[in-house]
Amino acid sequence: MTLAVPTPEVLIDPELHATGDPHALWRWMRDHRPVYWHNPGALPGFWSLTRYEDVRAVCRDPGTFSSEQGIVLRPESHGKDPGGGRTLALTDPPRHRQLRAVVADWFTTRSVRSLEGSMRGVVRSVIARAVEEGGCDFVTDVAARLPLYVICHLMGVPEEDREKLFQLASVAFGTADPVAQSAAHQEIMQHFVELMYQRMEEPADDLVSALVNSPVDGELLPEDDILLNCDNLLVGGTENVRLATSGGMLALLERPEEWQRLAADPGLLPTAVEEILRWTSSANVVMRVATAPTVIEGQRIEAGDRLMLWIPSANRDERVFTDPDRFDCARRPNRHLALGAGEHFCLGSLLARTEMRVLFRELLDMAVRVEQTGPAVPVRSIVVNGLESLPVRIVPR
Ligand code: HEM
């Protein structure tokens, strides 16, 4: 009897990630073809890496595996990634470290801790409004609000512009319509152009001022680089938290016993947040380009080859995680790679963890019950995983 061999080629089809079962395919690849070559087609050729240790090792070796040519696989016809060599995510050492040092202060324990009180206030009002309105979309009305508020605060976006920016970001990152997305994105960038010029004249204590006024390698950043980094921070600061939080809510709605467990012991929140991060793995894949010939799992990789690191696969690798397909709020150890590893380890990791903990804590403390009222709609993308919409009703218990 011959067993059907899965076709890893489908990994670049967003439909597989939205409605199919990529985990079955990744399981097979981890066991049989952990370093798999995809021939060029609509997208350039690339290697798929699916095992935890390989993904982690590549992330931790920026000398051999560069981010400068972009971390998203693009058709050759789209040309070079405009952020290549200029944004935090798309630079290699030593420039990467210099750039990271400019913004790192806003993401330290002390800085994030100082925001916790206002985070709680935002979450309480968001939940209270959802209760009042009867029904809402957990993705846009709840999960998206806190991260956008926080990143706007850190970047120095004036309070009166935040609601407008929230509406624009909901279109730019939350809809499937590419034309509307691009228009909203342009408008967001226009806000940052104005903010950048204001901060050049009148620096304040915020991230945009830091990007505008801090020399990197002896020179101030060009305006385009400042704007690209603002975009990187806004997208990084909002999109993944929204996806991970709403994916986590769905996981808990589907497993009422895990929600009960958390309600009975809120001390489990830190491990629950880690499990939500592992389970949702909202950053689906990141790319690196080899700078020199190397060998992974016995497979020769040439300089210039692209490697796609499938994070959800690494996070369900049975070589590392016990019972990886089980969602367990108390999982320990849980050294997932949802926030990356090494040089580019997520700058906003502490912020993201805190935002998620605060949101779930308030849902528990405010004595509300979340009920799903319609089907969850997945995003269609290979770059990120998660939900576009999750209709719910939030009611007093
Ligand atoms: C659940 C939430 C989040 C997830 C799953 C996530 C995931 C990731 C991952 C996987 C990377 C590494 C990319 C790579 O290696 O190429 C990364 C980097 C980054 N993240 Fe996050 N992130 C989250 C929240 C945030 C937040 C709240 C911010 C706030 C600004 C942020 C800003 C960034 C930035 C600027 C980088 C680039 C860091 C560097 O290259 O040094 N992220 N994130």
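1. Basis. The model is predicted, so local features need pLDDT of at least 70 and side-chain atom pairs count only at pLDDT 80 or more, while totals for chains, interfaces and linings use all residues. Residues are numbered from 1 along each chain as its sequence is written, and side-chain values use heavy atoms, with hydrogens and water left out.

2. Cysteines. With a disulfide defined as a pair of cysteine sulfur atoms within 2.5 Å, the count is 0. For Cys152, the closest cysteine sulfur belongs to Cys230 and is 11 Å away, which is too far for a bond. Cys152 has a relative accessible area of 1% and is buried (buried is under 20% relative accessible area, exposed over 50%, partly exposed in between; 1.4 Å probe, protein chains only). Cys346, at 26%, is partly exposed.

3. Cis peptide bonds. The bond from Pro93 to Pro94 is cis, with omega near 5°. Pro94 sits in the loop between β3 (65-66) and α4 (95-103); helices (H or I, at least four residues) and strands (E, at least two) are DSSP runs, numbered from the N terminus. Arg332 and Pro333 are also joined by a cis bond, with omega about -5°. The loop holding Pro333 runs between α14 (311-314) and α15 (349-365).

4. Positive phi. Ser281 is not a glycine, yet its phi is about 35°. Ser281 lies in the loop between α13 (269-280) and β5 (285-290) and is buried at 0% relative accessibility. Ala367, likewise not a glycine, has a phi of about 50°. Ala367 is in the loop between α15 and β9 (368-372) and is partly exposed at 35%.
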